[in-house]
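I began with one question: which residues are around the ligand?

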Amino acid sequence: MKSVGVAILGLGVVGSGTYKILRDHREFYRQTQGIDLSVECVLEINRQRALDLGIEESKIYDNIAEVVGNPNVDVVVEVIGGVEPAKSFVLAALHGGKSVVTSNKELFCKYWYELEAAAKRTNAGLYYEASCVGGVPIIRTLIDGMQANVVTSLTGIINGTTNYILTRMSREGLGYQEVLKDAQNLGYAEKNPTADVEGYDASYKLSILSSLAFHTRVPLDKVYREGITEIAQQDIEYGRDLGYVLKLLAIGKNDGGKNIEVRVHPAFIRQDHPLASVNDSFNAVYLQGDSVGDIMLYGRGAGDMPTGSAIVSDVIYAATHSDVKYATFKNTEHADKNVRFVTDFKSRYYIRLTVQDRVGILAKVAGVLSKYNISISDFLQKAEGVENIPIILITHVTSELSVRRAVEKIAALEDVLEVNSVIRVEG
Ligand code: HSE
């Protein structure tokens with residue numbers, strides 16, 4: 001039976017989960033995969049953490065050179081996160097001819113081209129299923145399941161923290177700050193939540209997923225990004241009255257390889273859209289392929305065991321495949337110059353205004369919209385105050401630029417006290 005030695009760099013949440021899966025399923029993999037996977041060593045400064053998992057003292061290393069120098073290590077698992085020292089460690093492993101499995105979305109989306117070039121030099125494998133959507137096998141699906149298709153769109157809820165916050169705001173009628181604090185206390189959100197709530201984490205993943213889906217490099221700086229920190233409770237409620245659910249969506253669209261649109265932002269989707277029922281910290285990705293039609297993958301996007309599942313699946317893949325697969329496109333630092341990234345994208349829009357309830361105000365607002373060729377599809381007026389009332393408009397499909405210009409003019413109208421929110425409506 002083939003023996004395969006694994007090194008784990010970092011025993012945080014994902015590293016510990018990975019170790020437990022490898023330890024507890026060793027016999028199962030012998031039987032089902034015909035390979036003997038053993039953890040040869042771990043790189044972890046906190047030795048106690050490793051000892052608590054039952055790892056022998058002699059297998060706990062504190063520098064990468066020892067890992068690379070161990071001839072029994074075939075596959076190096078990087079689960080440290082962030083750019084450095086993870087990048088130097090991964091490059092050292094690849095230079096040493098070891099295959100690498102990583103969950104590191106930030107490192108991967110920013111330096112994929114450099115890591116892949118290093119891997120090719122030594123014919124090493126480079127696997128990253130765990131970098132996107134945790135335990136959901138989205139990367140293998142794109143590479144090995146959807147390859148018969150021209151993928152035209154990808155819409156995902158790919159950040160669990162923000163989905164958890166929005167779900168609770170929606171269910172319990174609570175404000176953003178209140179739910180965030182609670183999510184931090186419960187361990188669902190980090191102490192510094194910026195990467196999740198400002199949409200960075202989702203944009204790292206969208207950069208990787210859309211590159212794979214559209215077979216061209218989609219650099220991070222091409223991904224438009226907005227987070228959920230400005231979302232008001234009232235908008236979730238008014239949206240619900242109109243039949244919508246609010247989600248942080250990651251959207252990629254491709255018209256055949258030349259025009260690509262990639263964006264992460266809060267958006268309303270209809271209550272009957274398959275993504276509308278993806279709640280709490282769950283993730284899902286909805287794909288459209290020209291042959292298969294629509295498919296959706298759903299599951300846990302984070303956590304020790306779900307992400308560990310994706311890591312170990314890559315370790316098994318690395319151990320059982322000698323032909324290494326790299327990106328299906330020229331993997332360079334910058335985008336292919338023939339690809340146009342659409343910035344004036346098309347969407348429907350939810351606009352909430354606070355106005356003084358005077359004769360003719362609606363006509364004035366509608367007048368501005370029509371000047372920009374924007375037509376209204378839904379309208380809601382909440383006569384809650386005596387003088388100042390909220391008005392909610394939903395537009396037909398229009399362009400981002402038209403909406404921005406129209407909103408500027410509407411905000412300047414006499415009797416319009418404030419344009420409170422402008423939220424895209426998708427699907
Ligand atoms: N923090 C991420 C999330 C998981 O909330 O989905 C890792 O990318």
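Entry 1. I looked up the residues around the ligand and found K105, N159, G160, T161, D196, D201, K205 and A302, where near means that a heavy atom of the residue lies within 4 Å. The model is predicted, with pLDDT of at least 70 needed for local features and 80 or more for side-chain atom pairs, while totals for chains, interfaces and linings use all residues. Residues are numbered from 1 along each chain as its sequence is written, and side-chain values use heavy atoms, without hydrogens and water.

Entry 2. I sorted this shell by class and noted one nonpolar, three polar and four charged residues; Gly counts as polar and Ala as nonpolar, while Asp and Lys count as charged.

Entry 3. I then looked up distances from ligand oxygen atoms. An N or O atom in the side chain of K105 is 2.8 Å from one, and the side chain of N159 has an N or O atom at 3.4 Å. For G160, a backbone N or O atom lies at 2.7 Å. The protein buries 82% of the 260 Å² that the ligand exposes when taken alone (Shrake-Rupley method, 1.4 Å probe).

Entry 4. I checked which elements give two or more residues to the shell, and recorded α8 (160–172) and α11 (200–214); helices are DSSP runs of H or I with at least four residues, numbered from the N terminus.

Entry 5. K205 lies in helix α11.

Definitions and conventions:
A polar contact is a pair of N or O atoms within 3.5 Å; within protein, one must be able to donate a hydrogen and the other to accept it, and residues adjacent in sequence count only if both atoms are side-chain atoms.
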